[in-house]
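Subject: Structure handover

Hi,

Here is the structure for you to look through. Please open it and keep it beside this email while you read.

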Amino acid sequence: DGRAKALLTLSFEGGPLWQLVLAEVRAEMQPLRQERVADVESRLAQLHIQWTERRALRLAEYETILGTIELPLGEKDIERSAEAKFHFSSAADELRILDVEFKARVSATEARLAKRKVEFEENLKKRAAQECARRLACWVYATECRQHGVTESRAVLTQLGSNRVKSFDAQFPVAHLAALCDALTQTTYTSKLHLQRAGLGDDGCIFLGQQIANERNNFHYLKELELVHNNIGTEGALALINGILALSNRTLERLSLAHNALGDSAALNDKLGKALERLLGESAPPALPLTAIDLSGNALSVNLAKSIVKGLPRSRLISFSMRYCDWSM
């Protein structure tokens, strides 16, 4: 914990890690920024050229009219001179309007350029913050794995800090799962956790439920949770659902417990059914925005199915699957 806090301090804005990452991200994004700035500056130059050409053309026309006015003319030509003076006055007004339009367009383009510079700095800081969080999460994950004597998953290392952490077939005993949860608490960017065939079992699922219920963790950003083919029984599923319901900031939209061992405990089936009914029909704030549940391939009891059906009318579900379930329990 002490080392993690020390590294976290380094990653704060202005810290050594922050400065290093900021320089790296700036070097990466600088070519794109220069390209966009060059594009705006090119537009400004073209605008100035167009204005100069149009102004020179107008001035030439006005000078011709002015020459006509100043010629010593006869009586008929005096009328033409008066008409020319009128046109010259109108032309002078047109020239002033042309100048005002040019200045307005230049001001708008310069404002756009200034806005892009500000946006670049903001995006730069966001990218740097995300990269700091990713590096911190990777460091915590690798360190925790070594301390618990488990081998880290390369797939997880490459995905930490991204929108989704997805793993197939890598084994996640409780010690490995603890390292992953510690890493996920360092970043707010991961909203999807997919662990398939990870060997979680009831123990792993109970531990995950406890971690989700812990308000100090960042699992309130979790939107998708897939735990397919993990040999999770009724006890583990019950603990997981209770953990989700314990969150004060609920964001989970999709839950998959397909192809597990739900329904293996007749004594807990009623409790699981009530928990699922509450999960589906929870309407008191903060409401759970759950739109998809997959319980396919489990051995579900009829009573459990009845509890699920009771919660459906009050749910926000768009997709609910119980395919290939064994209803003989």
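With which residue does Arg127 form a salt bridge, and how far apart are the closest N and O atoms? The partner is Glu28, and the closest N and O atoms are 2.9 Å apart. A salt bridge here is a side-chain nitrogen of Lys or Arg within 4 Å of a carboxyl oxygen of Asp or Glu.

First, some ground rules. This is a predicted model: local features need pLDDT of at least 70, side-chain atom pairs count only at pLDDT 80 or more, and totals for chains, interfaces and linings use all residues. Residues are numbered from 1 along each chain as its sequence is written, and side-chain values use heavy atoms, with hydrogens and water left out.

**Salt bridges**

The structure holds six salt bridges. Back to Arg127 and Glu28. Arg127 lies in helix H3 (residues 75-148) and Glu28 in helix H2 (residues 16-70), so this pair ties together parts that are 99 residues apart in sequence. Helices (H or I, at least four residues) and strands (E, at least two) are DSSP runs, numbered from the N terminus. Arg127 is partly exposed, at 35% relative accessible area. Glu28 is exposed, at 54%. The cut-offs: buried means under 20% relative accessible area, exposed over 50%, and partly exposed in between (1.4 Å probe, protein chains only).

Next, Arg135 and Glu131. Their side chains meet in a salt bridge, 2.8 Å from N to O. The two residues are four apart in helix H3, which means that about one helical turn separates them. Arg135 is partly exposed, at 25%. Both residues also belong to a network of salt bridges that links Glu24, Glu131, Arg134 and Arg135.

Then there is Glu224 with Lys192. In this salt bridge the closest N and O atoms are 4.0 Å apart. Glu224 sits in strand S3 (residues 224-226) and Lys192 in strand S2 (residues 192-196), so the pair links distant parts of the chain, 32 residues apart. Glu224 is buried, at 18%. Lys192 is partly exposed, at 25%.

**A glycine in helix H9**

Now turn to Gly311. It lies in helix H9 (residues 302-311). Is Gly311 buried or exposed? Gly311 is buried, with a relative accessible area of 0%. Leaving out residues up to four places away in sequence, Gly311 touches Glu277, Leu280 and Gly281. Contact means heavy atoms within 4.5 Å. Gly281 is 30 residues from Gly311 along the chain, and their C-alpha atoms are separated by 4.6 Å.

Best wishes
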